[in-house]
Amino acid sequence: MGSNSSRIGDLPKNEYLKKLSGTESVSENDPFWNQLLSFSFPAPTSSTELKLLEEATVSVCRSLAGLWTVFTLGGVGSKAAATPELSSPLANQSLLLLLVLANLTDAADTPNPYRQAIMSFKNTQDSSPFPSSIPHAFQINFNSLYTALCEQQTSDQATLLLYTLLHQNSNVRTYMLARTDMENLVLPILEILYHVEERNSHHVYMALIILLILTEDDGFNRSIHEVILKNITWYSERVLTEISLGSLLILVVIRTIQYNMTRTRDKYLHTNCLAALANMSAQFRSLHQYAAQRIISLFSLLSKKHNKVLEQATQSLRGSLSSNDVPLPDYAQDLNVIEEVIRMMLEIINSCLTNSLHHNPNLVYALLYKRDLFEQFRTHPSFQDIMQNIDLVITFFSSRLLQAGAELSVERVLEIIKQGAVALPKDRLKKFPELKFKYVEEEQPEEFFIPYVWSLVYNSAVGLYWNPQDIQLFTMDSD
């Protein structure tokens, strides 16, 4: 299929290009599309083959239209179609190439132009001029890009691109945070974390960091509690007929923490999960009763783990008195890590109580139901200060429930809590610094990202063969 031909089958070339790209604004002399026509497809020999080729090619181009646009640095995108990743091999190859180029290291005196372009491109709706300091400026349709990203998060490379854009391009981040349909982006990310057993660790990290970046924005933290979801079928622990996006996010992050505690024990994962919860805590609103229960259940699990390590340390210490030759396990380090996590959970609960107590009767209910859990931490030197507010809330509401009499129904208890939230003197609650965490890349991020990107190329690039015995950049089990 030569690019010099003025007709493709029965269609004039310019009409075929419009159909191919899904847009009216493709030029017959566009070098990218001419290259595509020249080298990507065998020439059809019949009208039937031509029709099949047109349908397949339109599917390829529309499945990741926004990503096409980034790759071509200025082409026009069209609405993305909900097609599986494997049906769009050219889009997949393009995305992998884009990630490889974007993660090239800077030269001594020349920044990576591909990374510069990714960091600075703007929406086609943005008419403001580019600063003269940006040499690789271009504009694309952000709506097409957003749609494509929402639909493709089952693949590592699409999640990695989303992370890259949110982290490095403030125009994209601002646009996405302003969307009124953020659930279309957040739900696929939550699904990745929910199915953590089926995902590789890098994909889970990227999904979690995306959530952390999003929770840095207070507007996001407020708006997710206003989005009500119906029948989340992939959440299997409990039937969720109606829940806010914010409560679902809390449930999935807590589940990830619990999975990590029992399986991988990755401190990095713990830290980012807790940071996301902490960023959200001041804006918790109308928490679902199950989300409130899971917050307290996680604290219960940590409390039991804390007591177990203390008991093991005591037994080891007694045993060491009779035998000086046996080395002691490093229980002090284990205890320190657990106490750091317990401290963070107490700060998250405290942040919610001091900032939005009257919005969260279900959390107060769960707190009162398990109030004995907190007794041991009231006088603990590491938690004494943060326990003041929690202890005050427990004492205040316990007193009101006691006055109301015994055998109270759940509905009556919640009613008393709602009334008490108005009566509680807020000036008695001690003020603590606002919980805010910001994601920052490591000093040499290329040590993580370059092997990761090339492992994606190795595992998912179509039609490329790499000898496994010659691979030294990453281990074969790193994917």
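Figure 1. Leaving aside residues up to four places away in sequence, serine 351 touches Ser281, Ala282, Ser356 and Leu435 (a contact means heavy atoms within 4.5 Å). This is a predicted model, where local features need pLDDT of at least 70 and side-chain atom pairs count only at pLDDT 80 or more, while totals for chains, interfaces and linings use all residues. Residues are numbered from 1 along each chain as its sequence is written, and side-chain values use heavy atoms, with hydrogens and water left out. Serine 351 sits in helix α16, residues 331-356 (helices are DSSP runs of H or I with at least four residues, strands are runs of E with at least two, and both are numbered from the N terminus). Its side chain gets to 3.4 Å from the backbone nitrogen of alanine 282. Serine 351 counts as buried because its relative accessibility is 7% (buried means under 20% relative accessible area, exposed over 50%, and partly exposed in between, with a 1.4 Å probe and protein chains only).

**Figure 2. Isoleucine 349, also placed in helix α16.** With a relative accessibility of 1%, isoleucine 349 is buried. Skipping residues up to four places away in sequence, isoleucine 349 touches Ile295, Ile296, Leu367, Phe374 and Ile390. From isoleucine 349 to isoleucine 386 is 37 residues along the sequence and 9.6 Å in space, C-alpha to C-alpha.

**Figure 3. Salt bridges, starting with aspartate 385 and arginine 343.** Side chains of opposite charge can pair when their charged atoms come close. A salt bridge here is a side-chain nitrogen of Lys or Arg within 4 Å of a carboxyl oxygen of Asp or Glu, and the whole structure has 13 of them. In the bridge between aspartate 385 and arginine 343, the closest N and O atoms are 2.7 Å apart. Aspartate 385 belongs to helix α18 (residues 384-404) and arginine 343 to helix α16, so this pair ties together parts 42 residues apart in sequence. Aspartate 385 is partly exposed, at 26% relative accessible area. Another bridge joins aspartate 181 to arginine 179, with 2.9 Å between the closest N and O atoms; aspartate 181 is buried, at 18%.

**Figure 4. The salt-bridge network of Glu197, Glu237 and Arg255.** Glutamate 197 is partly exposed at 42%, whereas arginine 255 is buried at 17%.

**Figure 5. A stacked ring pair, tyrosine 163 and phenylalanine 449.** A search of the whole structure turns up 17 aromatic pairs (rings of Phe, Tyr and Trp, the last by its six-membered ring, pair if their centres lie within 6.5 Å; planes under 30 degrees apart are stacked, over 60 edge-to-face, and the rest tilted). For tyrosine 163 and phenylalanine 449, the centres are 5.4 Å apart and the planes are at 10 degrees, so the pair is stacked. The two link distant parts of the chain, 286 residues apart, with tyrosine 163 in helix α8 (residues 156-168) and phenylalanine 449 in helix α20. Both tyrosine 163 and phenylalanine 449 are buried.

**Figure 6. Tryptophan 454 and tryptophan 466, an edge-to-face pair.** The centres lie 5.9 Å apart, with 80 degrees between the planes. Tryptophan 454 is in helix α20 and tryptophan 466 in the segment after α20, 12 residues apart. Tryptophan 454 is partly exposed at 31%, and tryptophan 466 is partly exposed at 34%. Together with Leu464 and Leu473, these residues make a nonpolar surface patch with about 370 Å² of accessible area. Patches take residues with over 30% relative accessible area and no salt bridge, joining like charges within 9 Å and nonpolar side chains (Val, Leu, Ile, Met, Phe, Trp, Tyr) within 5 Å; accessible areas come from the Shrake-Rupley method with a 1.4 Å probe, and for residues only the protein chains shown count as cover. Leucine 464 lies in the segment after α20 (446-460) and is partly exposed, at 47%.

**Figure 7. Positive phi at asparagine 231 and serine 286.** Most residues other than glycine have a negative phi. Asparagine 231, though not a glycine, has a positive phi of about 50 degrees; its place is the loop between β5 (228-230) and β6 (242-244). Serine 286 has a phi near 45 degrees and sits in the loop between α14 (267-281) and α15 (289-322). Serine 286 is exposed, at 54% relative accessibility.

Terms used: Polar contact = N/O pair within 3.5 Å; in protein donor to acceptor, adjacent residues only side chain to side chain.
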